[in-house]
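Subject: Structure handover

Hello,

Here is the structure I promised to pass on. Please open it first, then read my notes alongside.

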Amino acid sequence: MGGRSSQMALVARLNPGETLGDRVIKVDHAGEHGAVCIYLAQMWFARWRAPEMLPELDRFLAHERGHRARFADELMRRGQRRCRSYVFCGLGGFVLGAITGLAGRNAIAATTVAIERVVLRHMGEQVEELTPTDERAVSALHQIIVEEQEHHDASVAHLNPRGFWPTIINPVVGAATHSVIWLGMRL
Ligand SMILES: [Fe+2]
Ligand SMILES: [Fe+2]
């Protein structure tokens, strides 16, 4: 995350009366809802497939609920509605969480690593872009980034990158995460 570069400028198709910060908060709010749903579904299957991961998943879930609430408050304050992708993110999150939870420990860790890698990159760009214009959005992002980084690092620590699942999950889930953010900014 270097200096401000035009190459990294956020592209969005804004609705009337909507600022770039509003749109970023909407898209991230929907993404946090997706994250909540992933961890809920993973925890159902982890009870059976990877019970040793439950305390950590529960902690991540609590963080994601906090992120979603933080962005929801910010949307309310701005008089903005949730993103059109919100329900889709939740459903997609459940499906992804169920599949990877069923696949077990390494798939669960690989999912968090793949998502956070993309999310951290996007949130870094959002901070850079919004710093001059939207102090409140930036301060929400700064707080949340600390925990997303923690999820990433903790999951890297118990990932076996040479296993079967990371080789599939890393590119597929990374690309899906990027696409959801990309579409959310433009639809
Ligand atoms: Fe989050
Ligand atoms: Fe996270």
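A salt bridge here is a side-chain nitrogen of Lys or Arg within 4 Å of a carboxyl oxygen of Asp or Glu. Keep in mind that this is a predicted model.

**Salt bridges**

How many salt bridges does the structure hold? There are 9. Side chains of opposite charge can pair when their charged atoms come close. Three of these pairs are described below.

Start with Arg105 and Glu52. Their side chains form a salt bridge, at 3.0 Å from N to O. This pair ties together distant parts of the chain. Arg105 sits in helix 4 (residues 105-130). Glu52 sits in the loop between helix 1 and helix 2. The two are 53 residues apart. Arg105 has 35%, so Arg105 is partly exposed. Glu52 has 48%, so Glu52 is partly exposed too.

Next, look at Asp22 and Arg78. Their side chains meet in a salt bridge at 2.8 Å, N to O. This pair also links distant parts of the chain, 56 residues apart. Asp22 belongs to helix 1, and Arg78 to helix 2 (residues 54-78). Asp22 is buried, and Arg78 is buried as well.

Arg77 has a relative accessible area of 47%, so Arg77 is partly exposed. Glu74 has 2%, so Glu74 counts as buried. Salt bridges with shared partners join Asp22, Glu74, Arg77, Arg78, Asp134 and Arg136 into one network.

**Helix 1 and helix 5**

How do these two helices pack? Helix 1 covers residues 20-49, and helix 5 covers residues 135-157. They pack at an angle of about 30 degrees, with their axes 12 Å apart. Angles under 35 degrees count as roughly parallel, so helix 1 is roughly parallel to helix 5. Their crossing is left-handed. On the helix 1 side, the contact involves Val24, Ile25, Asp28, Glu32 and Tyr39. On the helix 5 side, Ala137, Leu141, Ile144, Glu148 and His151 take part. By class, this contact has 6 nonpolar, 1 polar and 3 charged residues.

**Helix 1 and helix 6**

Helix 6 runs over residues 164-186. Helix 1 packs with helix 6 at about 140 degrees, and the axes are 9 Å apart. That angle makes helix 1 oblique to helix 6. The crossing here is right-handed. From helix 1 come Leu20, Arg23, Val24 and Val27. They meet Ile181, Gly184, Met185 and Arg186 in helix 6. The classes in this contact are 5 nonpolar, 1 polar and 2 charged. Val24 is listed in the contact with helix 5 and in the contact with helix 6.

Finally, go to Ala140 in helix 5. Its relative accessibility is 0%, so Ala140 counts as buried. Which residues is Ala140 in contact with, leaving aside neighbours within four places in sequence? They are Arg70 and Phe71. Gln80 is 60 residues from Ala140 along the chain, and their C-alpha atoms are 16 Å apart.

Best wishes

Conventions
Residues are numbered from 1 along each chain as its sequence is written. Chains are lettered from A and ligands numbered from 1 in the order in which they are written. This is a predicted model: local features need pLDDT of at least 70, side-chain atom pairs count only at pLDDT 80 or more; totals for chains, interfaces and linings use all residues. Side-chain values use heavy atoms; hydrogens and water are left out. Axes are lines fitted to C-alpha atoms, for helices over the stretch in contact, and angles run from 0 to 180 degrees between N-to-C directions. Helices (H or I, at least four residues) and strands (E, at least two) are DSSP runs, numbered from the N terminus. Angles under 35 degrees count as roughly parallel, over 145 as roughly antiparallel, 65 to 115 as roughly perpendicular and the rest as oblique. A crossing is left-handed if the near helix is turned anticlockwise from the far one by less than a right angle, and right-handed if clockwise. Contact means heavy atoms within 4.5 Å. Ala, Val, Leu, Ile, Met, Phe, Trp, Tyr, Cys and Pro count as nonpolar, Asp, Glu, Lys and Arg as charged, and the others, Gly among them, as polar. Buried means under 20% relative accessible area, exposed over 50%, partly exposed in between (1.4 Å probe, protein chains only).
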